[in-house]
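Please look at the structure before reading on.

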Amino acid sequence: MDPNLQTQINSARLKFRDGETIFGTGYGAEGIKVAELCFNTSMTGYQEILTDPSYYKQILTFTFPHIGNVGTNLEDNESSKPHVSGIVTSSIPTNDSSWRSEDSLINWMIHKKVIGICNVDTRKITKKIRDQGAQDVAIEHRKDGKFLDEELSEKLLNFPGLKGMDLARNVSCRKPYNFTELGFPWIEKKSVTGKKIVVIDYGIKANILRKLASHGFEITVVPADFPADEILKLNPKGIFLSNGPGDPAATHNYSGPIINNIISQKNLPIFGICLGHQLLGLALGAQSKKMHHGHHGANHPVKELKSGKVMVTSMNHGFAIDSESLPKGTIETYKSLFDGSNCGMEVSDRPIFSVQFHPEASPGPMDADHLFQKFASSIE
């Protein structure tokens with residue numbers, strides 16, 4: 001192993017709200033961060049995961065043991081910077097060995113201020129989350145092993161948890177912009193004539209914008225709290241509601257009136273993904289709920305209720321729409337085959353629909369691409 005990757009045993013720790021502390025080997029940035037601990041079962045795409053804004057205020061345990069082998073590069077970023085507070089891995093990230101790599105994962109984490117801990121039992125941690133639910137934890141890395149007990153305990157005590165937190169404003173763009181990338185070369189580019197859409201950014205992944213561009217949309221991205229009348233002045237032919245972090249019920253306090261105003265425009269198609277799905281559901285009159293440990297991974301099966309077909313999907317959410325609360329005229333379209341939770345809905349007589357999973361992540365790999373085409377067709 002590269003000697004630069006050698007770090008001191010017991011130079012990092014995880015402290016849980018219940019007092020349990022797990023010691024391990026630290027890497028990446030030094031310091032203390034407090035966040036919600038979850039686990040992700042994906043076998044690939046760690047850089048995309050680390051730069052996904054939906055992971056803001058979370059610490060991530062990777063259940064897959066081989067992290068770091070493809071290094072990092074600029075192409076695989078889902079946003080301009082990582083949003084996780086820290087990561088937990090079974091082993092120290094391996095040396096990068098991909099021709100696409102521009103830097104090792106550890107160096108990238110040092111520069112991006114992401115804390116890492118390894119040489120811990122990730123299976124035990126995953127089981128704790130599975131059995132007891134998502135955990136509030138503090139992660140600390142000190143190269144010299146001299147921990148700051150009082151500071152860590154105080155920060156953990158003062159962390160309120162994600163329930164009730166509006167985090168979309170923290171990761172949203174600050175002002176409107178036009179997305180001008182060409183999308184994916186293997187998807188035939190459609191004409192953009194008459195297909196101008198507005199994307200409301202609650203923490204959008206770059207891959208969603210690329211996928212929309214590949215389907216021929218002319219895209220304007222606006223902040224999470226951008227006024228509805230200003231959105232409508234842009235004369236969009238459709239509205240996209242993006243993914244993002246935090247409690248949808250908290251974000252709904254300002255997103256609800258904006259979305260309801262848009263819904264009142266009778267013929268305006270709306271498509272939402274993840275947090276956008278939840279915010280659309282709340283605007284329609286449904287209720288959201290905090291999940292026990294959430295869904296995080298690229299291997300989640302969902303069933304389309306109308307056809308009975310099963311798709312393999314990518315998911316990343318700790319809140320969900322309560323299926324029982326869907327109002328009259330709103331139809332449940334997809335369910336998780338893991339726990340039966342809601343994964344999609346549509347308005348029966350309007351071009352308005354959304355999904356809880358991430359069709360742009362292509363774990364199928366093309367299982368859910370038809371949803372973007374459905375949005376395009378509703379505009380055409």
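## Basis

The model is predicted: local features need pLDDT of at least 70, side-chain atom pairs count only at pLDDT 80 or more, and totals for chains, interfaces and linings use all residues. Residues are numbered from 1 along each chain as its sequence is written, and side-chain values use heavy atoms, with hydrogens and water left out.

## Helix 6

Helix 6 (residues 206–214) is largely enclosed by the rest of the structure, because 9 of its 9 residues are buried (under 20% relative accessible area, exposed being over 50% and partly exposed in between; 1.4 Å probe, protein chains only). Helices are DSSP runs of H or I with at least four residues, strands are runs of E with at least two, and both are numbered from the N terminus.

The buried residues include Asn207, Arg210 and Lys211. Among the elements they pack against (contact means heavy atoms within 4.5 Å) are strand 12 (270–273) and helix 10 (370–379). Just after helix 6, glycine 216 has a positive phi of about 90 degrees.

## Aromatic pairs

The whole structure holds 7 aromatic pairs (ring centres of Phe, Tyr or the six-membered ring of Trp within 6.5 Å; planes under 30 degrees apart are stacked, over 60 edge-to-face, the rest tilted). Phenylalanine 271 and phenylalanine 375 form a tilted pair, with centres 5.5 Å apart and planes at 55 degrees. Phenylalanine 271 lies in strand 12 and phenylalanine 375 in helix 10, so the pair ties together parts 104 residues apart in sequence. Phenylalanine 271 is buried, with a relative accessible area of 0%.
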